[in-house]
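Reader: I am new to reading models of protein assemblies and would like to go through this one step by step. Could you show it to me before I ask about the places where its chains meet?

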Amino acid sequence: MTDQTPTNTARSTLSSAKADTTIIHVEGVHKWYGGFHVLKDINLDVAHGERIVICGPSGSGKSTFIRCINRLEEHQQGRIVVDGAELTDDIRQIDNVRREVGMVFQHFNLFPHLTVLENCCLAPIWVRKIPRKEAEATAMEYLERVKIPDQAKKYPGQLSGGQQQRVAIARSLCMKPKIMLFDEPTSALDPEMIKEVLDVMVELAESGMTMLCVTHEMGFAKTVADRVIFMDGGEIIESAPPEQFFTNPQEERTQTFLKQILHH
Amino acid sequence: MTDQTPTNTARSTLSSAKADTTIIHVEGVHKWYGGFHVLKDINLDVAHGERIVICGPSGSGKSTFIRCINRLEEHQQGRIVVDGAELTDDIRQIDNVRREVGMVFQHFNLFPHLTVLENCCLAPIWVRKIPRKEAEATAMEYLERVKIPDQAKKYPGQLSGGQQQRVAIARSLCMKPKIMLFDEPTSALDPEMIKEVLDVMVELAESGMTMLCVTHEMGFAKTVADRVIFMDGGEIIESAPPEQFFTNPQEERTQTFLKQILHH
Amino acid sequence: MSETTSQITPARAKPWNDPRVRSLVFQLVAIAGVMWGGWTLVDNTLANMEARGISTGFGFLEQSAGFGIIMSLIPYEATDSYGRTFWVGLLNTLLVSGLGIVAATLLGFMIGVARLSSNWLIAKLSLAYIEIIRNIPLLLQIFFWYFAVLRNLPSPRQSVELGGLFFLNNRGFYLPDPIALPGFGWVELALAIAIASVIALRIWAKRRQQATGQIFPTGKVSLAILVTLPVLAFLATGAPLDWTVPELRGFNFRGGITIIPELAALWVALSLYTASFIAEIVRSGILSVSKGQTEAARALGLRQGLTLRLVVIPQAMRVIIPPLTSQYLNLVKNSSLATAIGYPDLVSVFMGTTLNQTGQAVEVVAMTMAVYLTISLLISFVMNLYNRAVALKER
Amino acid sequence: NTTLENIREKGHLQCGVTSGLPGFSQPDDKGNWTGIDVDTCRAVAAAIFGDASKAQFTPLTAKERFTALQSGEIDMLSRNTTWTLTRDASLGLNFAGVNYYDGQGFLVSRELGVSDATELDGATACIQAGTTTELNMADYFRTHGMEFNALVFDTSEQTVQGFAAGRCDVLTSDRSQLAALRSKLTDPNSAVILPTIISKEPLGPVVRQGDDQWFNIVKWTLFTQVNAEELGITSANVDEMKSSDNPSIQRLLGTDGDMGEKLGLSADFGYNIIKEVGNYGEMYNRNVGPGTPLDLERGLNALWTEGGIMYAPPVR
Amino acid sequence: MNQPTVSPPKAPVAPIQWMRNNLFNTWYNSLLTLAVGYLLVTSAAPLLNWVFLDATFSGESPSDCVGEGACWLFINQRLNFFIYGFYPEDQQWRINLMFGLLALSFIPQFIEGFPARRWLGIFGMTGLPILGYILIPGGSFGLESVPSHRWGGLMLTLILAYVGIFAALPIGILLALGRRSHMPVIRGFCVVFIEVWRAVPLITVLFMASVMLPLFLPEGMNFEKLLRALIGITLWQSAYMAEVVRGGLQAIPRGQYEAASALGLGYWKKMGLIILPQALKLVIPGIVNTFIALFKDTTLVLIIGLFDVLGAVQSTVTDPAWQNVAIEGYVFVAFCFWVFCFGMSRYSQNLERKLDTGHRT
Ligand SMILES: Nc1ncnc2c1ncn2[C@@H]1O[C@H](COP(=O)(O)OP(=O)(O)OP(=O)(O)O)[C@@H](O)[C@H]1O
Ligand SMILES: Nc1ncnc2c1ncn2[C@@H]1O[C@H](COP(=O)(O)OP(=O)(O)OP(=O)(O)O)[C@@H](O)[C@H]1O
Ligand SMILES: [Mg+2]
Ligand SMILES: [Mg+2]
């Protein structure tokens, strides 16, 4: 199964152009939940510094896909290679990959029993074995970058949703990951808060971080994405630079989807 | 404190013009939460059939204010007279007022253990002592009016947010209230559902019901409001008919606020 | 404006509609009711006791008890007073409750975690344990353990013996009783030094971690210090410790420390029974921590063990504490079942023998209930303090 | 209200007994109680109502018995209770007589090879809770300069189980019980009853203080049974005896005199007692005497005329 | 584009594979498995022998019990007593009828989709006690009167537990409402009541109820002993129930209270129609758990001389005719309790699971 013929348009010209600096390599990945086929033959190469937005209807497998990239879900067929390490059952390997991959969840998933600062320092101290002082300094740096240094001593429960999501981003950044995964980072937020978070993400994108982002914020996609990927029914239907994606989608399903969300 | 000099522009020309048919009279109302001064010298007269939209930044006391009108919160100074009855400690009085005032909450607050129909009939049967048959007939009428007669036998948990909010409106209407209070009735809804609910509210407004509505749906305000009131920091800052409010706000704070929400 | 206000109904509420007046009346009625009830109760009791010639007052506490008690943490003779039997019983209750709480907590946590084990056999066995132990009355379990333990132990003459120092038979487990000789002060000193240096080590390790990021294996090193230093001192000063070794004289062993089978059986039964409840509490506590938390921790690269220790357990604790408190209270109350197997706890000694000898039921029962109330309130208080400390800070 | 009036009103006599002690009070699985203590209650019920079945029984543990009597929960306590000064004087109770003279003895395992109580230094003793046995043990060992460990159980069942399991060297109890308890052992021959008797245990019914009429009724019910045995009246011949011309018998059976009225009872209360329950000797033999599981000789409990100390004042 | 849906790779189902995954997935799991397995095997055989293979099940008299195994004959012979106590044999049909109705109203609660399940449950909670009140003591409708001192055995256990739980529920609800009252005095009384009752052991409560109560009451005023035990158990239980119900009340969002008030419902209507129905439904598992606890605690009535099932067994093991049947007796009692408690605990767990995923707003 590993030498699958490329049946879809996912490996577009762009990715092959940047293939020499590939940091994520996904090849013929299939996944099932019981008998339910969630991911069907996913192929994707992400280059260093590339910024990819994934969109698609609910239940199309977007979350599942990016969760496979840091092995929060196991794929059952195909290969995923992240930063040169293939994801297999090897726990060491997985832990190594996870260190390099930051993830921001839709519901923040901050640790409510720790302060914002402690949230940010936890992994650097226990995983990277960085001295606490140093870890705290780094954390403060990132908290400043997401513009909430004054909340450092508070507990997550005391912050607004937008602030919490910014802490979640800072927490991931503190591990200095090579890749950031975002799973609908703004969909649990009030309209006012969305902007705060998007601003931070745009800034991050501009600094050249490799990013995979599941989102329906089309404004964001237009501004920062190198490529927009459209998934449906567990397949990658279309993959194109944003200009082309929004103005001239190739597939019919993409067209109907775009009509729906842009109209809304 | 009751003979306060009018320190703000709230008692606008409109209200005094309709003074003979005043149904809600609010005079010099102050309220504190512990040491925190939430409402500061609120004065407002609402005429029969008037439709008022209240807006303002978060925490400005909008909810607190309309909750004072049916005594879900107690005010500590000033007078509130609703439909000829002053709100004091007298429980009878309060119950009488509440019968005449319907309230629709942001989070619907439907009773999950009762069907939609039972939700609607509960108060008419137990408070107004209307025979069940009759109450059910009325309820079905209002459910038709909010366009969900077919959901009558379902439980709230089985409905979408927009449907739930429409049930909440029907539930209030079944008491045949003279006044309806809405506290951000659409802000807990998905964008698709908002329209459903706004449509119902517009229709209601057209039927001549007295309405106080806290909302940031400026489209709604423009279409139906007789007056838009802007609150900030517990005070009424500005009160004007929508045309004037949106095109030519008098106060600086209103201007910045409008800029913010219309821009977003 | 004024013309609108003129037709308004008066602002004053009728007194019977004013909630403040209503609640005042309710409360006054309640106070009166309770006072009247309390007074008639006391009055009746006094009148009845007077009429039946029952002696009252706490004078009996001074009288000589005249009966023996098999186990006492404080010196007790048959000639001591009834008041002393109260303390003997109380201390025995506290002893078995304390031991029970510790064991039940440890066991309960273990089984609770085992219930979620990936080993199918372990998980199912834990489930079986919980479902069997939880659903059988404790009284029966106490009988079971008592007679199971007794029947399987040899008589004193056939004692199981360990190095001539420890003896196990159906009269109990006998240990040598240490008696400090003059030089023993050095050993105590060494222990103190060891404790101090462990504290210092911990502080140093924390500082070093903050400075350089290296994590020092404080746990193992501390243990080593705590053991070696006192042992070295002990050997260096020529083992200045004497032991009263239990020896078989007549029917039984004398000397040394004895752990009687009643204590052991009660302890085992209470611990096993309560542990089955604690296990369920722990399991639901762990499950109550949302999957998102584990995922977030794993996504940050924290390993399974660290995830449990740093993220899951601290959050589970706040779900666990309140029901855990109730279990502790239950354990203390259940220790009163001791009376069924002859363990001399408060209910058995004081509300049993002493009550029977003196006949002063009202006083004795009141004292006993007061003790249980105090213990319960103390436990609740301590657990509430802890709970407040681990409670989540919210807006 | 006097106790007697209360009982008449209720229609039955509420009597406190043990929850199961062979020969003294024990229910069968139909709810019928038997035993010498039970018969004492039934005799009192017969005296009051002319119907022994009007007695109802409340099983009590040792530690509950006095409280139950003091509180009025029961009308009389007939639960092999030892008559002592403290109990008589400070518990607000009165002992109405003795229905069984007992003494405390020891049951020891045969393999210990003990033949006398003085060899028991350092022993562990299984004792049943809330009895004078605890105090007697402490006194006995103290006066003999011996040590012992007292292990106190709540019920006799557990006491004997503890002994059977080897938890203690010696089981101490009233001698009347030792035989019955020994019979519960898997091998009754593995244990022996020592000849030593360390205490006097006069067991008898108890009533509350302050109602002398009731006290007298219970007391004279007992005396009536003893006197009847002395006069040769049994439940079998009581009807014939009614026509006896012995004045003592006539007074006892109520065919002559107003003995009953003096107690507030009917004239023929004595006849009723004997007819329904029998004389003391019958009661003894039926419950604990030779041929019963307890198989106890009369001993001290024989009539004074036959070398025992059962002696009743005359009905006169 | 039309990717054929591929079926998932075959899951490993072979027993060997299953064992490797579930029993021997790591070295310490393997060790644990072996150790536990050894223990199980060595202890199961003797137990099996005692309970079944070497046991005596039928016969006429104690002497038929020979051999090493259990003497179930003893249970067999005394079963009537263990179940009905001293209840007259010719009247036992009344108890049987009650047992039948009890089973009929509660067993369907375990069966999803049983017709009229809900109504049977409601009958169990309302009709059944009334019927029981008429049937069990008798004395009316031409039924022979059976005084309470003749009740006993399993039947008494069930009566105690049943009355304890269902009488405690309303008191518990009132206490819980009182504890959340805005009136400090009422709240104070409720808190004190709850905390005091929860703190004292049931033994002392029963002791007070059974032998001391007449001391506290005016001369001449008295209730029946069983009734007093029931009152003691009920009050004690109501304190626990109050805490369970309070948990439910706390879980109801404030919006529900507000919506009810905004509709003009007064305090009692608000509680009765809106809050309590939701709160009670939420805490059914908690209520069942208290029921289990109480059910087990009824064994303590033994201490006050009522012959519940344990008391009945204990009183027969003192019978000189039978020797060394105590273990069989206790095992029987344990089994009786286990069956009932396990059933209830399963029920509450199912409910918990159902409520967890069930409709919620
Ligand atoms: N643990 C699971 N077991 C079974 N099916 C699952 C599981 N998790 C997800 N699914 C199913 O897999 C499909 C893909 O889920 P996924 O969360 O990846 O969708 P998504 O594209 O992220 O949708 P959304 O936009 O709603 O988040 C859905 O149909 C979902 O129901
Ligand atoms: N129970 C309370 N105790 C103390 N402060 C409160 C309480 N309820 C509300 N407040 C405070 O009173 C202020 C006004 O609250 P209110 O809910 O009326 O604001 P709002 O205008 O409705 O805001 P939003 O748009 O966020 O709903 C806020 O600052 C809030 O924090
Ligand atoms: Mg998703
Ligand atoms: Mg608001």
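Reader: How many residue pairs are in polar contact between chain C and chain E, with both residues at pLDDT 80 or more?

Author: This is a predicted model, in which local features need pLDDT of at least 70 and side-chain atom pairs count only at pLDDT 80 or more, while totals for chains, interfaces and linings use all residues; side-chain values use heavy atoms, with hydrogens and water left out. Residues are numbered from 1 along each chain as its sequence is written, and chains are lettered from A and ligands numbered from 1 in the order in which they are written. A polar contact is a pair of N or O atoms within 3.5 Å, where, within protein, one must be able to donate a hydrogen and the other to accept it, and residues adjacent in sequence count only if both atoms are side-chain atoms. Between chain C and chain E, with both residues at pLDDT 80 or more, the number of such residue pairs is 11.

Reader: Which element of chain C gives the most residues to the side that touches chain E?

Author: Helices (H or I, at least four residues) and strands (E, at least two) are DSSP runs, numbered from the N terminus. Among the elements that give two or more residues to this side of chain C are α2 (19-51), α4 (120-134) and α10 (304-334). With 11 residues, the element that gives the most is α2(C).

Reader: Which two chains share the most contacts?

Author: Contact here means heavy atoms within 4.5 Å, and by that rule 48 residues of chain C meet 51 residues of chain E. Of the 8 pairs of chains in contact, the pair that shares the most contacts is chains C and E.

Reader: How much area do chain C and chain E bury between them?

Author: The size of an interface is often given as the accessible area lost when the parts come together. Buried area is the accessible area (1.4 Å probe) that two parts lose on being put together, summed over both. For chain C and chain E, 71% of it is on carbon and sulfur atoms, and the total is about 3,400 Å² for chain C with chain D, whereas for chain C with chain E it is about 4,200 Å².

Reader: Which residue of chain E forms a salt bridge with E131(C)?

Author: A salt bridge is a side-chain nitrogen of Lys or Arg within 4 Å of a carboxyl oxygen of Asp or Glu, and the rule finds 1 across the interface of chain C and chain E. The closest N and O atoms are 3.3 Å apart, and the partner of E131(C) is R346(E).

Reader: Which residue of chain D forms a salt bridge with E262(C)?

Author: Chain C and chain D are also in contact, through 40 residues of chain C and 43 residues of chain D, and the rule finds 2 salt bridges across their interface. In one of them the closest N and O atoms are 2.7 Å apart, and E262(C) is joined to R167(D).

Reader: Why does the salt bridge of R67(A) and E295(C) join two chains?

Author: The two side chains meet at 2.5 Å, N to O. The pair joins two chains because R67(A) lies in helix α2 (residues 62-69) of chain A, and E295(C) in helix α9 (residues 291-299) of chain C.
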